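Open your viewer and keep the sequence panel in view. This tour goes stop by stop, telling you what to select and what is there.

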Amino acid sequence: MGVAGGMKCVKYLVFVFNFIFWLCGLALIVVGIMVQVSLNKTLKITDPTASAAPIILIGVGVVIFFISFFGCCGAFKENYCMVTTFAVLLSLIVIVEIAAAIVGYVFRNKLSTIVHDSVTDMISKYEKGGPEFKETVDNLQQNLKCCGVNSSSDWKGFSSKENSVPDSCCKNVTAGCGNGTMTDSDKVYQQGCSAALEEVLKKNILWVIVAAVVIAILQLLGIVFACCLMKGIRSGYEVM
């Protein structure tokens, strides 16, 4: 005997929410990958908490795809066990997402120190670094239109030529454009990369936090509807 009346409406709501969860899972994967790629492309960070939040969200997004299966099949077949599994797993996912939001918030608060230390380390290793490492630093400075850690003066001693900076600091990059132009604001960016990069990363991390919180709220509604459907299915069993 299937559910009837209001419970049938709840059954279809569970279907709708599972589609939303599928989209949420896709959103989590996309946001997580975007933030992770941004971290890896722009900065060589050794602090593991920097990648914790996006990696957690990517993992959660993948798991949501499988959990949605239990919700859809359980609602369609009105299977008490599958709907219960869906509700329990979804509850665990909500806890993990809250943890990811907390990790992201904590990392956001200490981002300034991590970015400053990481950029300082990158610049100090620039001369002895390999081609790929140098390309990372050069891309960072060109993309963010910055130079050095706090200013272009951080490249002091970079070259045997006085007051020189890497060519990637130049507003118009040409071979040798950084020679003797360290303090020339018309040719070289004067803003440091630490502040510029911190601003970009804070925006990315904020998206991670917002995504986790919004999706967690939607999933809480899904858990409520699943519990209502479980109650309706159980009542149907008792009538039989």
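This is a predicted model: local features need pLDDT of at least 70, side-chain atom pairs count only at pLDDT 80 or more; totals for chains, interfaces and linings use all residues.

**Stop 1: a nonpolar patch**

Select F19, W22, L23, L26, V30 and M34, and show their side chains. Together they form a nonpolar patch on the surface.

Now pick out M34. It sits in helix α1, which covers residues 6-42. Is M34 buried or exposed? M34 is exposed, because its relative accessible area is 55% and the cut-off for exposed is over 50%.

**Stop 2: the disulfides**

Next, show the cysteines. How many disulfides does the structure hold? It holds three. Number the bonded cysteines in sequence order, and the pairing reads 1-6, 2-3, 4-5.

**Stop 3: C146 and C193**

Select C146 and C193. A disulfide joins them, with 2.0 Å from S to S. This pair links distant parts of the chain, 47 residues apart. C146 lies in the loop between α5 (131-144) and α6. C193 lies in helix α6. The link is right-handed, with 95° about the S-S bond.

C146 counts as buried, because its relative accessibility is 0%. C193 counts as buried too, at 1% relative accessibility.

**Stop 4: C147 and C169**

Move on to C147 and C169. These two form a disulfide, and their sulfur atoms are 2.1 Å apart. Here, too, the pair links distant parts of the chain, 22 residues apart. Both C147 and C169 are in the loop between α5 and α6. Which hand does this disulfide have? It is right-handed, because the torsion about the S-S bond is about 85°. C147 and C169 are both buried.

**Stop 5: C170 and C177**

Now select C170 and C177. A disulfide joins them, with an S to S distance of 2.2 Å. The link is right-handed, with 115° about the S-S bond. C170 counts as buried, at 3% relative accessibility. C177 has a relative accessible area of 14%. C177 is therefore buried as well, since the cut-off for buried is under 20%.

**Stop 6: C227 and C228**

Select C227 and C228, and draw a distance between their sulfur atoms. A disulfide needs sulfur atoms within 2.5 Å. C228 is in no disulfide, and its nearest cysteine sulfur is that of C227.

C227 is partly exposed, with a relative accessible area of 39%. C228 counts as partly exposed, at 31% relative accessibility.

**Stop 7: A195**

For the last stop, select A195. It is in helix α6, residues 193-239. A195 counts as partly exposed, because its relative accessibility is 46%. How far apart are the C-alpha atoms of A195 and S151? They are separated by 9.9 Å, while the two residues are 44 residues apart along the chain.

Definitions and conventions. Residues are numbered from 1 along each chain as its sequence is written. Side-chain values use heavy atoms; hydrogens and water are left out. Patches are made of residues with over 30% relative accessible area and no salt bridge: like charges are joined within 9 Å, nonpolar side chains (Val, Leu, Ile, Met, Phe, Trp, Tyr) within 5 Å. Accessible areas come from the Shrake-Rupley method with a 1.4 Å probe; for residues, only the protein chains shown count as cover. A salt bridge is a side-chain nitrogen of Lys or Arg within 4 Å of a carboxyl oxygen of Asp or Glu. Helices (H or I, at least four residues) and strands (E, at least two) are DSSP runs, numbered from the N terminus. Buried means under 20% relative accessible area, exposed over 50%, partly exposed in between (1.4 Å probe, protein chains only).
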